[in-house]
Amino acid sequence: MVKHLAGTLAPFSIRVNGLAPGLFPTDLAGNVIANVGAQGDPQEEGSISPHIIPATRVGREEDMVGTVVYLASAAGAYLNGNVTV
């Protein structure tokens with residue numbers, strides 16, 4: 001969808017990019033997080049086995065902030081149709 005919208009909206013000088021950040025605590029991910037066997041707060045280092053998530057925790061807001069700022073700034077002005085994983 002990102003690629004399609006990026007091509008469709010490019011003539012109107014609208015850039016479209018996406019983030020695919022992995023497992024973050026949301027309403028949709030609640031059951032998945034419950035099933036990964038987190039010990040305590042899933043956002044704390046070491047709460048999840050490194051065999052499941054190498055960072056040993058689910059994502060936090062600050063894990064995405066830098067990427068969002070980059071995409072919204074002049075530094076990311078040339079990107080269009082990018083999905084950052």
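**Notebook: a look through the chain**

I began with the secondary structure, and the chain comes to three helices and two strands. Here helices (H or I, at least four residues) and strands (E, at least two) are DSSP runs, numbered from the N terminus. Reading from the N terminus on, I noted the order α-β-α-α-β.

A reminder to myself before going on: this is a predicted model, in which local features need pLDDT of at least 70 and side-chain atom pairs count only at pLDDT 80 or more, while totals for chains, interfaces and linings use all residues. Residues are numbered from 1 along each chain as its sequence is written, and side-chain values use heavy atoms, with hydrogens and water left out.

**Overall shape**

I looked up the radius of gyration, taken over C-alpha atoms, with the globule rule being 2.2 Å times the number of residues to the power 0.38. The chain has 16 Å, whereas a compact globule of 85 residues would have a value near 12 Å. Along the principal axes, I found that the C-alpha atoms fill a box of roughly 50 × 25 × 20 Å.

**Burial, surface and contacts**

For burial I used relative accessible area: buried is under 20%, exposed is over 50%, and partly exposed is in between (1.4 Å probe, protein chains only). Of the 85 residues in the chain, 21% are buried. The chain exposes about 5,900 Å², and carbon and sulfur atoms supply 61% of that area; the areas come from the Shrake-Rupley method with a 1.4 Å probe.

I then turned to contacts, meaning heavy atoms within 4.5 Å. Among those between residues at least 6 apart in sequence, 48% join residues at least 24 apart.

I placed Ser 13 in the loop between α1 (2–9) and β1 (18–19). Ser 13 counts as exposed because its relative accessibility is 68%.

Thr 56 is another non-glycine residue with a positive phi, near 60°. I found Thr 56 in the loop between α2 (30–35) and α3 (62–72). Its relative accessibility is 14%, so Thr 56 counts as buried.

**Gly 30**

My last stop was Gly 30, which sits in helix α2. At 33% relative accessibility, Gly 30 counts as partly exposed. I also checked Gly 30 against Ile 52: they are 22 residues apart in sequence, and their C-alpha atoms are 16 Å apart in space.
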